[in-house]
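Me: I would like to learn how to read a surface patch and a helix face. Could you take me through them slowly?

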Amino acid sequence: MFRLIGIDGTRHMLATVALTPYIAVAGLLWGAIALFARRWVVGLVVMLVSIVLVANVAARAFPDSRPNGVGTAVRVMTSNTLGGLADAQVIVDIVRERNIDVLALQELTPEMVGDLDRAGLRALLPNRVFLAAPGGEGSGIASRYPVVRRDLTGPSTLRQAGALVDLPGPDMEVVSVHPLPPVEVVGPEPWQRELAGLPPRDLGGPVRVLAGDFNATLDHVALRRLVNAGYVDAADQVGAGLIPTWPSDFPLWPPPVTLDHVLVDARCAVDTVDVITVPGTDHRAVVTQFVVPK
């Protein structure tokens, strides 16, 4: 019910809302058992709520209508490096094999920058806006094309790098997104404030792309509100919106959920989305290709 009426609530409620896909399926089973046991009121209420939840969730497994894609094809990758513990060589290999144009990194440490460069990142993506920092505070953007640093977000606990990318056609703005997790003991207020501080689409300016670890699923109203500000979730657009990205090793608890996203300007046509496991980090990388219109 919290999911349907649009309440994120406390950190415990937020964690529960993230499990909506699992709860929706469990609700169908629970409702069927209740009806079989002739608990009519409980069964009907649970079945009704679960059916509505399933309808909302299942849509992510089917591709949406796609606008005509005439313009510059761009490949963007985002990866949370878990405080610099991710395998830098694997990240660079993905960049090389997938012909990545723009790489957004979260939890980027100075040591990770060195590891990435030794693995060959600078030769592939020589232009960068890196805000490296110890622990999980840093972030960065590396690009095949020239970049200019842009401050595109409001104040945030963790650094969120922003850049204007000089594409062959119209330019593109990119943010490496990483709000503070809402389940921290400080509560969800910083997470809500930092998501609200991400920039909406600017119809009078360059196309904008928000890529990173949002610490949110599409069942959280704070993220849905951001999407409604002029973006589309790339994975949702191509029918890959239920592929989980955290934790990457698929434990029994916590159940895997989709926290990493690439939100693209709704004017862009999304072609593909792939979710790739990177050794050393608990987040899976997301790679998407889309078209920046002329």
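This is a predicted model: local features need pLDDT of at least 70, side-chain atom pairs count only at pLDDT 80 or more; totals for chains, interfaces and linings use all residues.

Reply: Residues are numbered from 1 along each chain as its sequence is written, and side-chain values use heavy atoms, with hydrogens and water left out.

Me: Which residues form a nonpolar patch on the surface?

Reply: A patch is made of residues with over 30% relative accessible area and no salt bridge, nonpolar side chains (Val, Leu, Ile, Met, Phe, Trp, Tyr) being joined within 5 Å; a salt bridge is a side-chain nitrogen of Lys or Arg within 4 Å of a carboxyl oxygen of Asp or Glu, and areas come from the Shrake-Rupley method with a 1.4 Å probe. Here Met1, Phe2, Leu4, Ile5, Ile7, Leu48 and Val52 together expose about 640 Å².

Me: Which residues of helix α5 are buried?

Reply: Helices (H or I, at least four residues) and strands (E, at least two) are DSSP runs numbered from the N terminus, and buried means under 20% relative accessible area. In α5, residues 88–97, these are Ala88, Ile91, Val92, Ile94 and Val95. Their directions from the helix axis to the C-beta atoms fall within an arc of 155°, so they line one face of the helix.

Me: What covers the buried residues of α5?

Reply: Contact means heavy atoms within 4.5 Å, and the cover includes β1 (71–80), β2 (102–106), α6 (110–118), α7 (121–124), β11 (269–276) and β12 (285–293). After α5 comes Asn99, with a positive phi near 55°.

Notes: Patches are made of residues with over 30% relative accessible area and no salt bridge: like charges are joined within 9 Å, nonpolar side chains (Val, Leu, Ile, Met, Phe, Trp, Tyr) within 5 Å. Buried means under 20% relative accessible area, exposed over 50%, partly exposed in between (1.4 Å probe, protein chains only).
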